[in-house]
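Time to open the notebook on a new model. I will jot down each look-up as I go, with the cut-offs beside it.

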Amino acid sequence: LNEADISRIPAGGTADGWSDCESALLLAVDDLVVEHFISPQNWEALNRHFSERLIVEFMLMVGGYTALAGALNSCGVQLEPENLEMIRDSANQGQQS
């Protein structure tokens, strides 16, 4: 991912500039994080690019990172200042899109 891609992530999978595959991945991540379930529409989009085995691996990866984020947040681990600033800048750009 380049800087433009990273700054576009907060705008979501429907934002302009993503390939069909990238859009499918981002929408599926949103499904998993918010609903804990990939919608049939987003599953179908993933299935156009990936085997069922890879989709399952993808779901496990998203779940692992979600669990890690929960553990780090619960333990009070702080981001390094430069990383926090990058996240804030990206979020602000996404809100302006």
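**Burial and overall layout.** I started with burial: of the 97 residues in the protein chain, 23% are buried. For the record, buried is under 20% relative accessible area, exposed is over 50%, and partly exposed is in between, using a 1.4 Å probe and protein chains only. This is a predicted model, where local features need pLDDT of at least 70 and side-chain atom pairs count only at pLDDT 80 or more, while totals for chains, interfaces and linings use all residues. Residues are numbered from 1 along each chain as its sequence is written, and side-chain values use heavy atoms, with hydrogens and water left out.

I then looked up the secondary structure and found 5 helices and 0 strands in the protein chain. From the N terminus the order reads α-α-α-α-α. Here helices (H or I, at least four residues) and strands (E, at least two) are DSSP runs, numbered from the N terminus. Along the principal axes, the C-alpha atoms fill a box of roughly 40 × 30 × 20 Å.

Next came contacts, meaning heavy atoms within 4.5 Å. Among those between residues at least 6 apart in sequence, 38% join residues at least 24 apart.

**The nonpolar core.** Which residues make up the largest nonpolar core? I noted 9 residues: Ala24, Ala28, Leu32, Ile38, Ala45, Leu46, Ile55, Phe58 and Val62. Helix 2, helix 3 (40–47) and helix 4 (52–74) each supply at least two residues of this core. The term covers buried Ala, Val, Leu, Ile, Met, Phe, Trp, Tyr and Cys residues joined through side-chain atoms within 4.5 Å. A reminder to myself: nonpolar side chains tend to be buried together in soluble globular proteins.

Not counting residues up to four places away in sequence, Ala28 touches Ile38, Asn42, Leu46 and Phe58.

**The largest pocket.** I went on to the largest pocket, which holds about 1000 Å³ of space. Of its 23 lining residues, Ile9, Val29, Val33, Tyr65 and Ala69 are the closest to its centre. Helix 2 and helix 4 are the elements that give two or more residues to this lining. Helix 4 has the largest share, with 8 residues. By type, the lining divides into 16 nonpolar, 5 polar and 2 charged residues.

My notes on method: on a 1 Å grid over the protein atoms alone, a pocket is an open set of points where a 1.4 Å probe fits, with protein on both sides within 12 Å along at least five of seven lines, and lining residues have an atom within 4 Å of a point. Grid points are joined across faces, edges and corners, and the volume is the space filled by probe spheres set on the points. For the types, Ala, Val, Leu, Ile, Met, Phe, Trp, Tyr, Cys and Pro count as nonpolar, Asp, Glu, Lys and Arg as charged, and the others, Gly among them, as polar.

Ser19 sits in the loop between helix 1 (3–8) and helix 2 (20–34).

Ser23 belongs to helix 2, and it counts as buried because its relative accessibility is 16%. Beyond its neighbours within four places in sequence, Ser23 is in contact with Gly13 and Trp18.

**His36.** I found His36 in the loop between helix 2 and helix 3. Its phi is near 60 degrees, a positive value in a residue other than glycine. Most residues other than glycine have a negative phi. His36 counts as exposed because its relative accessibility is 65%.

**Glu52.** Glu52 lies in helix 4 and is exposed, at 54% relative accessibility. Leaving aside neighbours within four places in sequence, I see contacts from Glu52 to Trp43 and Asn47.

**Cysteines.** How many disulfides are there? With the rule of two cysteine sulfur atoms within 2.5 Å, the count comes to 0. Cys21 is partly exposed, at 22% relative accessible area, whereas Cys75 is exposed, at 65%. Cys75 is in the loop between helix 4 and helix 5 (81–96).
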